[in-house]
Amino acid sequence: PEIDKLVIEQDGQIAGGCSVGITPELNYIFGLCISPERQHQGLGKTMLKGVIAYLHSQGRENIALSVVTDNENALRLYEGCGFVTKTANLYYKAIIG
């Protein structure tokens, strides 16, 4: 797949970014993040809407992403931008040592 890396700037500094995987079948947004000191200012929503517009400008409509199910802020963001849950997976972690 083709991978595009996108960033959002605020006050001349990079405030966040994400990667977009592009294949003929699916466009996948991953690693969307906003630096902690710049969160809760609407940058995530601006970034996500920009990524969606970027993909639409290329005629790409089928967009997917994944998010940890307990990341409530991200879930609100994605659902607020029209994404719906298609599948949910439970992952396990262990602290070793």
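A disulfide here is a pair of cysteine sulfur atoms within 2.5 Å. By that rule the count is zero disulfides. Select Cys 18 first: Cys 18 is in no disulfide, and the nearest cysteine sulfur, that of Cys 33, sits 8.3 Å away. Cys 33 is in no disulfide either. Now colour by accessibility (buried is under 20% relative accessible area, exposed over 50%, partly exposed in between, with a 1.4 Å probe and protein chains only). Cys 18 comes out buried at 5%, while Cys 33 is partly exposed at 45%.

Before moving on, some housekeeping: this is a predicted model, where local features need pLDDT of at least 70 and side-chain atom pairs count only at pLDDT 80 or more, while totals for chains, interfaces and linings use all residues. Residues are numbered from 1 along each chain as its sequence is written, and side-chain values use heavy atoms, with hydrogens and water left out.

Next, select residues 2-10 and 13-22. These are strand 1 and strand 2, antiparallel and joined by nine bridges. (Strands are DSSP runs of E, at least two residues, and helices runs of H or I, at least four, numbered from the N terminus; two strands pair if DSSP finds at least two bridges between them.) Gln 10 has Gln 13 as its bridge partner. Two residues separate the strands in this hairpin, and Asp 11 in the turn has a positive phi of about 55 degrees.

Last stop: Glu 61, in the loop between helix 1 (43-57) and strand 4 (63-65). Is Glu 61 buried or exposed? Exposed, with a relative accessible area of 57%. Show the side chains of Glu 61 and His 56: a polar contact of 3.5 Å joins them. (That term means a pair of N or O atoms within 3.5 Å; within protein, one must be able to donate a hydrogen and the other to accept it, and residues adjacent in sequence count only if both atoms are side-chain atoms.)
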